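Morning, everyone. Please look at the sequence and the model on the screen, and then we'll walk through some of the contacts.

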Amino acid sequence: WFSTLLLLGFDAAQQDRRQRCGAFAPSMFALGNVRGAEVVVHFLLARLDPALTEATFRAVWPLAPNDRKASAEFRRLVVGELATLEQRRKVPPQLV
């Protein structure tokens with residue numbers, strides 16, 4: 001999975017410096033890593049539809065470390081964006 005992420009243009013070194021949520025590496029999800037998951041999900045959504053992702057997450061991205069309210073809002077917005085992408089047939093049906 002990590003090699004695929006890199007092939008899509010994910011810059012692990014840059015994200016390590018920018019996000020400060022542990023090293024971005026193949027084993028990054030061996031233990032719980034909510035912040036890392038948020039970064040990866042945001043990256044993948046931005047690859048699918050950059051304009052939609054920018055508009056959707058403008059108010060909450062980048063997330064502040066340990067901001068549970070913003071993290072919950074981010075997850076809510078992810079579900080909404082996935083539904084929109086499903087309607088536009090950019091993701092498989094019933095993904096959400």
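Let's start with Arg-76. Arg-76 is exposed, with a relative accessible area of 51%. Exposed means over 50%, buried means under 20%, and partly exposed is in between, with a 1.4 Å probe and protein chains only.

A word on the source. This is a predicted model: local features need pLDDT of at least 70, side-chain atom pairs count only at pLDDT 80 or more, and totals for chains, interfaces and linings use all residues. Residues are numbered from 1 along each chain as its sequence is written, and side-chain values use heavy atoms, leaving out hydrogens and water.

Back to Arg-76. Which residue forms a salt bridge with Arg-76? Glu-73 does, and the closest N and O atoms are 2.6 Å apart. A salt bridge here is a side-chain nitrogen of Lys or Arg within 4 Å of a carboxyl oxygen of Asp or Glu. Side chains of opposite charge can pair when their charged atoms come close. Glu-73 and Arg-76 sit three residues apart in helix H5, so about one helical turn separates them. Helices are DSSP runs of H or I, at least four residues, numbered from the N terminus. Glu-73 is partly exposed, at 27% relative accessibility.

How many salt bridges does a search of the whole structure find? Five. Another one joins Arg-35 and Glu-38, with the closest N and O atoms 3.6 Å apart. Both lie in helix H3, three residues apart, about one turn of the helix. Is Arg-35 buried or exposed? Arg-35 is buried, and so is Glu-38.

Next, Asp-49 and Lys-90. Their side chains meet in a salt bridge, 3.1 Å from N to O. Asp-49 lies in the loop between H3 and H4, and Lys-90 in the segment after H5, so the pair ties together parts that are 41 residues apart in sequence. Asp-49 counts as buried, at 9% relative accessibility. Lys-90 counts as partly exposed, at 38%. Arg-88 joins in too: Asp-49, Arg-88 and Lys-90 are linked in a network of salt bridges.

Last, the helices on either side of that loop. Helix H3 (residues 34-48) and helix H4 (residues 50-57) pack at an angle of about 130 degrees, with their axes 5 Å apart. The axes are lines fitted to C-alpha atoms over the stretch in contact, and angles run from 0 to 180 degrees between N-to-C directions. On the H3 side, the contact includes His-42 and Leu-45; on the H4 side, Pro-50 and Phe-57 are among the residues. Contact means heavy atoms within 4.5 Å.

How values were computed:
Helix = DSSP H or I, 4+ residues; strand = E, 2+ residues; numbered from the N terminus.
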